[in-house]
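Dear colleague,

Please find below the structure that I am handing over to you. My notes on it follow directly after.

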Amino acid sequence: MDWVRDFYSTTGAWWGKAETKVTERDHRRVRLLREHAGPGRWRVLELGCGYGTTAAAVARAGHSVTAVEISDRIGFAARFAGEATFLKADFSEVDLPGRFDAVCYWNGFGVGSDADQRRLLARIAGEWLAPGGVALIDVANPFVWARWDGDEEHLTPDPAAGYDHEVRESTRFDPVTCTAHDTWWDASAPDRKVTQHLRCYTPADLSLLLTGTGLTMTALTIGDRTHPPASHPAAGELLRDHHEYLAVLRLPG
């Protein structure tokens, strides 16, 4: 997983000036935390916090937040200093004191092998999550990523919005390993490409990963609707509409 730090640090340098602000996406995540964790003031761990915007929004909602990020993106979180505790660290190795009422991993699960995902889920259950706690994990949806295979994007600079770089993107999807390969480069340096590799999981595949971890999947949030983990008519949205879904995982009390 050597690519992780380089990919997110490089793209963060391109976009951090524009994207280090609390937006509706962050407020939506606060609402999801409230929906699934319930009312109260919680101790929250965020894995892969990026620029720190969601951690700040959760803290402003009254929760105590510890946020971990491996890349240089966390440097942008300095503007939220005092609102949450930010740690620049590899969360596969970091030691954290105590347990948390909620563990959140927004838009990042699927880095590495199946064994890596199992180790992470085992750490969430065995080290970080308090009994009765909830883990909220965004999972890459293979149906939509597969449809994007071969797509290319060209994003032009928008200095007024803070986007100073002209960048290009190429997406490939490996149907054998169910992995998306998302490659970006600055148009001025086409030989300097960075790629993120995301293992995608159907809800059934994710259920298999959970075996033996102690975590139970209790709900799926797809777009703005929450469903039981069993087959549900509205879950057909996964086939066409959303490149990720939120898995709600619980640790028995």
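Just after helix α2, Gly38 adopts a positive phi of about 90 degrees. Please bear in mind throughout that this is a predicted model.

Helix α2 covers residues 24-37, which makes 14 residues. From its first C-alpha to its last it reaches 20 Å, close to the 20 Å expected at 1.5 Å a residue. Its buried residues are Asp26, Arg29, Val30, Leu32, Leu33 and His36. Viewed down the axis of α2, these buried residues fall within an arc of 160 degrees, so they line one face of the helix.

Positive phi values also occur away from glycine. Most residues other than glycine have a negative phi. Asn107 has a positive phi of about 55 degrees although it is not a glycine. This asparagine lies in strand β4, residues 100-109. Asn107 counts as partly exposed because its relative accessibility is 40%, a value between the limits of 20% and 50%.

Cys178 is also not a glycine, and its phi is positive at about 55 degrees. Cys178 sits in the loop between β7 (167-174) and β8 (179-186). With a relative accessibility of 17%, Cys178 counts as buried, since the limit for that class is under 20%.

How many disulfides does a search of the whole structure find? The search finds zero. Cys178 is in no disulfide, and the nearest cysteine sulfur, that of Cys200, is 5.5 Å away. Cys200 is buried, with a relative accessible area of 0%.

Next, I turn to helix α1. Thr11 lies in this helix, which spans residues 3-19. Thr11 has a relative accessible area of 0% and is therefore buried. Which side chain does that of Thr11 join in a polar contact of 2.7 Å? The partner is the side chain of Arg73. Leaving aside residues up to four places away in sequence, Thr11 touches Tyr51, Arg73 and Val194.

Finally, there are the aromatic residues. The structure holds ten aromatic pairs. One of them is formed by Trp14 and Trp15, which are edge-to-face, with 5.7 Å centre to centre and 70 degrees between the planes. Trp14 and Trp15 are both buried. In another pair, the ring centres of Tyr105 and Phe109 are 6.4 Å apart and the planes stand at 85 degrees, so this pair is edge-to-face; the angle required for that class is over 60 degrees. Tyr105 is buried, as is Phe109. Tyr105 and Phe109 also belong, with Phe91 and Tyr201, to one aromatic cluster.

With kind regards

Technical notes:
Residues are numbered from 1 along each chain as its sequence is written. This is a predicted model: local features need pLDDT of at least 70, side-chain atom pairs count only at pLDDT 80 or more; totals for chains, interfaces and linings use all residues. Side-chain values use heavy atoms; hydrogens and water are left out. Helices (H or I, at least four residues) and strands (E, at least two) are DSSP runs, numbered from the N terminus. Buried means under 20% relative accessible area, exposed over 50%, partly exposed in between (1.4 Å probe, protein chains only). A polar contact is a pair of N or O atoms within 3.5 Å; within protein, one must be able to donate a hydrogen and the other to accept it, and residues adjacent in sequence count only if both atoms are side-chain atoms. Contact means heavy atoms within 4.5 Å. A disulfide is a pair of cysteine sulfur atoms within 2.5 Å. The expected span of a helix is 1.5 Å times one less than its number of residues. The arc is that of the directions from the helix axis to the C-beta atoms. Rings of Phe, Tyr and Trp (its six-membered ring) pair if their centres lie within 6.5 Å; planes under 30 degrees apart count as stacked, over 60 as edge-to-face and the rest as tilted.
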